[in-house]
Amino acid sequence: MQAILKTPLILTALLPFCVSAKISVENATVFATQSPDEPSAIFMNLHNDGREPVNLAFAQSPRAARLELHGTQHGKMLTLSGIEIPANGNVQLKRGGLHI
């Protein structure tokens, strides 16, 4: 798969959190697919400089896309209702773990 940086997509998804908390995004990557119907994944590093944890409850895109929060447990992908970014902490969205 070809990796494509999609910073505007990621920043759009996190905009509500950036207004009320100090969330930064690094190394955001979306993997291109052969077909628009083929699933992809979004990986990134999230950092919360705030004093309170922040829950990433959803992601959205200005493009027609269905974005879901996922994690893995025992090798199986699970749909999540949120991803917590701890106060003064980091969360890594990566292959085999948390991702969008």
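This is a predicted model: local features need pLDDT of at least 70, side-chain atom pairs count only at pLDDT 80 or more; totals for chains, interfaces and linings use all residues.
Starting with the big picture, the protein has one helix and eight strands. Read from one end of the sequence to the other, these elements come in the order β-α-β-β-β-β-β-β-β. So much for the parts list; contacts and surface come next. Of the contacts in the protein with a separation of 6 or more, 62% are between residues 24 or more positions apart. As for burial, 32% of the 100 residues are buried. The exposed surface comes to about 6,700 Å², and carbon and sulfur atoms supply 52% of that area.

Is Asn 48 buried or exposed? Its relative accessibility is 0%, so Asn 48 counts as buried, the cut-off for that label being under 20%. The side chain of Asn 48 also has polar partners in the backbone. One is the backbone nitrogen of Gly 50, reached at 2.7 Å. Another is the backbone oxygen of Ile 85, at 3.3 Å. Leaving aside residues up to four places away in sequence, Asn 48 touches Lys 22 and Ile 23, then Pro 53 and Val 54, and finally the run made up of Ile 85, Pro 86, Ala 87, Asn 88 and Gly 89.

Asn 27 has a phi near 55 degrees, a positive value in a residue other than glycine. Where does Asn 27 lie? Its place is in strand β2, spanning residues 23-31. With a relative accessible area of 56%, Asn 27 is exposed, since that label applies over 50%.

His 74 is the other residue with an angle to report. Its phi is positive, at about 55 degrees, although His 74 is not a glycine. His 74 is found in the loop between β5 (70-73) and β6 (76-79). Here the relative accessibility is 77%, so His 74 counts as exposed.

How values were computed
Residues are numbered from 1 along each chain as its sequence is written. Side-chain values use heavy atoms; hydrogens and water are left out. Buried means under 20% relative accessible area, exposed over 50%, partly exposed in between (1.4 Å probe, protein chains only). A polar contact is a pair of N or O atoms within 3.5 Å; within protein, one must be able to donate a hydrogen and the other to accept it, and residues adjacent in sequence count only if both atoms are side-chain atoms. Contact means heavy atoms within 4.5 Å. Helices (H or I, at least four residues) and strands (E, at least two) are DSSP runs, numbered from the N terminus. Accessible areas come from the Shrake-Rupley method with a 1.4 Å probe; for residues, only the protein chains shown count as cover.
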